[in-house]
Amino acid sequence: MKTRNLDMMIYGYLLTRIHYGFYREEEPLPSAQRLGKLFNVSDMAARGAYRLLEKDGCILNVRGRRTVAGNHIAEQEKTNLDKFIVSEELMQDILCSFDLIFPEVFFYGLNACSEKEIHKLYGILDRPALSWDEPTLDFLAHVIKGLKNPLLIDLYYDVALLTYPAFLSRLGKSKEGWEEAHRELSPLLYELLRVREEGNRRTLWSQIARRCPAYNTEKGAVSEDTYEWGRRRTCLVAAGKILYKINSGEYPVDTFLPSARILAEQTSTPIITMRRAIALLNDLGMAESVNGKGTRVISSEKGRRRVKWRSPALNKNVRLYLYSVHILAITSQSLAVRAFPLMNVEKRRRIKNDIECLLEREEHAGTISYICIKALMDEMDLPSLREIYNKLLQYLILGQPLSCLQPYLNMDGQARELMAGLESGDALMFGVALKKSFFVMFSSSKTKAAFMGIEGLEELTLPF
């Protein structure tokens, strides 16, 4: 996939459907408003996709009525479409990654839906559409929206648009192939709604989980194509490396950091990116730059006074941090259960020692959860999964201003449970403790954010 521009991704979605005959000639295409609603994007992005299709001669636009062009050239469509079809290796990588993430997300999202929302889900499955997959895409999106997490919704739509051309190409070259798949999927979705209405959480989870295959530990073919979620934020990566050294005691409070040039060399980071990372640490209340001397690590109390709590940028960053912790709390146990058994005894012992060292320090809470997730990621041979979790971990740095506020986060109990799981080799014990650690982090951070007047988080809750 050479481009990830939103207009182009919707263009790829529409071109795929035109090529495989889901839109008949002279029948009206979906409105820009309908596409915007389906993919949670602005009408402008959908109109941009339609303009590109008009330019390529695939559709006609007569007085605002868009239809498939009668003389569109299938071979040219196929050439253009090939640019949007991800490799089979990447497709497998993404599907395996979502088999690890999606069961908990779907389960908790469906449980979070109100009776009104459940009724709406039935309506989505019942409604007529140009093709059955539109209601299915909308159904899954509404379930995920039940968790009220914009970052999670963004991930769903990003993957859906990226993989759609390859997914359609895989399932069949004709509508008959789709209809057969629909006959299998549609009753399953109705059944899940029925079980959800009965309130039987155990049966609901069983039906969802058994349809997701176990992780295959054998390495597959390496794809030259890679999944990248959102835009790169190398500044966060660089700041995170410095923050880890601050929290681990390598850069103590009231000492000066190495110069930006030295830090850039140590981390193989462009110096301009490192300067932005240092500026971010200043904004987050972790450090202060002193003219003629450098950048000094400061205490939590001093950091709290320096943070500009009314800044729109800080408010946005704190919300992004909480969205990330929310996702980690929902999915971390499942990740641990799958990845922990792949970890050898020596590595478990090393992580346990790292946690013990961090317990000796007062400001360690977020770092312990961070190193546990990183360790699990190292065991998974799924680049797309690592991309998703590395992005979530990058966003954790944005919650640093909340760590300056009392009461300070204390997760000693969860840390000891994590060490017990590492010592005994018990994947479930480790996973439950990791889930608890993110739950405590989320609950404490949300309370502090509300106290400091950060809005837009009222509906964001953990469903357990």
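Visitor: Which hand does the crossing of α15 and α18 have?
Guide: The crossing of α15 and α18 is left-handed. One thing to keep in mind as we go: this is a predicted model.

Visitor: Okay! At roughly what angle do the axes of those helices, α15 and α18, cross?
Guide: Roughly 135 degrees, and the axes come within 8 Å. Helix α15 covers residues 312–339, while α18 covers residues 383–395. An angle in that range makes α15 oblique to α18.

Visitor: And which residues make the contact?
Guide: From α15 you have L320, Y321, S324, I327, L328, T331 and L335. On the α18 side, the contact is made by L385, Y389, L392, L393 and Y395. By class, 10 of these residues are nonpolar, two are polar and none is charged.

Visitor: Then what are the angle and distance for α1 and α2?
Guide: Helices α1 (residues 6–19) and α2 (residues 32–39) pack at about 110 degrees, with their axes 12 Å apart. That angle makes α1 roughly perpendicular to α2. I10, Y13 and L14 of α1 meet L35, L38 and F39 of α2. This contact has six nonpolar residues, with no polar and no charged ones.

Visitor: What is H326 in contact with?
Guide: Leaving aside neighbours within four places in sequence, H326 is in contact with L147, N149, F442, L460, T461 and L462.

Visitor: Where are K148 and D254 placed?
Guide: K148 lies in the loop between α7 (133–145) and α8 (150–171). The loop between α11 (234–247) and α12 (260–267) holds D254.

Visitor: How exposed are K148 and D254?
Guide: K148 has 30% relative accessibility, so it counts as partly exposed. D254 counts as exposed because its value is 57%.

Visitor: Is the peptide bond from Q406 to P407 cis or trans?
Guide: It's cis, with omega near -5 degrees. You'll find P407 in the loop between α19 (400–403) and α20 (412–424).

Visitor: What about strands? How do β1 and β2 run?
Guide: They run antiparallel, with four bridges joining β1 (residues 59–62) to β2 (residues 65–68). I59 stands opposite V68 in β2. The hairpin of β1 and β2 has two residues between the strands, and R63 there takes a positive phi near 55 degrees.

Visitor: Last one, zooming out. How many helices and strands does the protein chain have?
Guide: The protein chain has 21 helices and four strands. Of its 464 residues, 51% count as buried. Among contacts with a separation of 6 or more, 75% come from residues 24 or more positions apart.

Terms used: Residues are numbered from 1 along each chain as its sequence is written. This is a predicted model: local features need pLDDT of at least 70, side-chain atom pairs count only at pLDDT 80 or more; totals for chains, interfaces and linings use all residues. Side-chain values use heavy atoms; hydrogens and water are left out. Axes are lines fitted to C-alpha atoms, for helices over the stretch in contact, and angles run from 0 to 180 degrees between N-to-C directions. Angles under 35 degrees count as roughly parallel, over 145 as roughly antiparallel, 65 to 115 as roughly perpendicular and the rest as oblique. A crossing is left-handed if the near helix is turned anticlockwise from the far one by less than a right angle, and right-handed if clockwise. Contact means heavy atoms within 4.5 Å. Ala, Val, Leu, Ile, Met, Phe, Trp, Tyr, Cys and Pro count as nonpolar, Asp, Glu, Lys and Arg as charged, and the others, Gly among them, as polar. Buried means under 20% relative accessible area, exposed over 50%, partly exposed in between (1.4 Å probe, protein chains only). Two strands pair if DSSP finds at least two bridges between them.
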